[in-house]
Structure formats: structure tokens, C-alpha cells
Amino acid sequence: TDPSMMREKISFDMFHELGLPAPRTKYFNVYVNGVFEGLYLHIERIDEYMLAQQGLNPRGTLVRDEFRHNQQLENVESSSIFSFDIQTVDNKQEFLEQTTNYRNNPDWEAFSELLDWVYQTEAGSEFAEGIGDRVDVQAFIDWLVIHFLVADVDAFSDDYWMYLDTQSEGAKWQLIPWDKD
């Protein structure tokens, strides 16, 4: 949807400018047998190497909501893991492994606790107070602003990874952007 490939590059550069975690990007020309094949954009994979490069714990929990693309969830009327009652599942870890994309060995209990809290807590003052205990709110606000500035309309469904440094006491969830074109 963005043949200029500028939205992706500019978006991730904006995240870096604000000191937020995001993949690094770089333009490059591709030649095959001396024939120019075009301009391409390399986007760093979100994984433990990217986390380490950006000064984050590479062994932290890194998960991505894949709910709306999951073929195994035919009877579920939810497009996000955050609008699903995780308490209805017997084996939460197995369910989360099947409905998310993840790297390494996530702390499924920490992710399940966040999901349960979001689902069970009504909008209002209790949610407003509690979200700050669980999520880096300033980073989340910056994340939202960048998405509005670049008009990324599908960023809110699944174009992000969630990260938690599970080895740091008091750590809060952060969103890492993905797929900005």
C-alpha cells in the first residue's frame, strides 16, 4: 500500500528518535547479474538480537497478537487476544502458543495476567489507574501519536509486538511497532 516505502522507514526512524524500541531499516539497491532490479527496504527482524542491539533484555517476553489471522479460531468472534476471555481456556500456555507469534521462551503467565486484567477491567477510572501499573504509558502514548501522524490505520489490531523484561522487577509492557506500510 506504500510503493514509496517511505512510511515504514520514516515511522521506525521516528520511534528511534523518541528513544523507543523499533526495528532498524535501510534502503538498498538490488542488482542481479549487473542488472538493476530495484530499490528495496531492509527491516530488522524483531527478535532477541534486535532487543540486545537496543539495550533491552534479549531473554524478555516477546509476543505478537495473531488472533485475527488464526484459522484455528473459527468459532471465536474476536479479532484480538485482548477481547477474548483467557479464563475460559483450560491450558492457557498451549492456547497462547497457538494464537500468538512469539520468540524464545515467553513468560506466558505474565502475558496471561495482562490479558485477563484487560478483559476483566471495565473502562473508567479503575482501568486508567491500573494500566499505568502494567504498561509504559508514556511510551504507549508516543506509539499512538506516531501511528496517527503516519496514518497507519491497521496498527491497532496486530501490527505490533509486546515486550516485557521479565527479569527486571517492576518492568512494564512496551509495544514494538511492526508493519508500517
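The model is a predicted one, in which local features need pLDDT of at least 70 and side-chain atom pairs count only at pLDDT 80 or more, while totals for chains, interfaces and linings use all residues. Numbering runs from 1 along each chain as its sequence is written, and side-chain values use heavy atoms, with hydrogens and water left out.

A pocket here is an open set of points, on a 1 Å grid over the protein atoms alone, where a 1.4 Å probe fits, with protein on both sides within 12 Å along at least five of seven lines; lining residues have an atom within 4 Å of a point. Points are joined across faces, edges and corners, and volume is the space filled by probe spheres set on them.

The second largest pocket holds about 160 Å³ of space. Among the residues that line it are Asp 107, Glu 113, Arg 134, Lys 172 and Trp 173. Helix 4 gives the largest share of this lining, four residues (helices are DSSP runs of H or I, at least four residues, and strands runs of E, at least two, numbered from the N terminus).

As for the largest pocket, about 350 Å³ of space lies in it. Of its 15 lining residues, Phe 82, Ile 131, Phe 140, Tyr 160 and Leu 175 are the closest to the centre. Helix 4 (108-120), helix 5 (125-134), helix 6 (137-149) and strand 5 (160-164) each give two or more residues to that lining, with the largest share, four residues, coming from helix 6. By class, the lining of the largest pocket has 14 nonpolar residues, one polar and no charged.

Definitions and conventions. Nonpolar A, V, L, I, M, F, W, Y, C, P; charged D, E, K, R; others polar.
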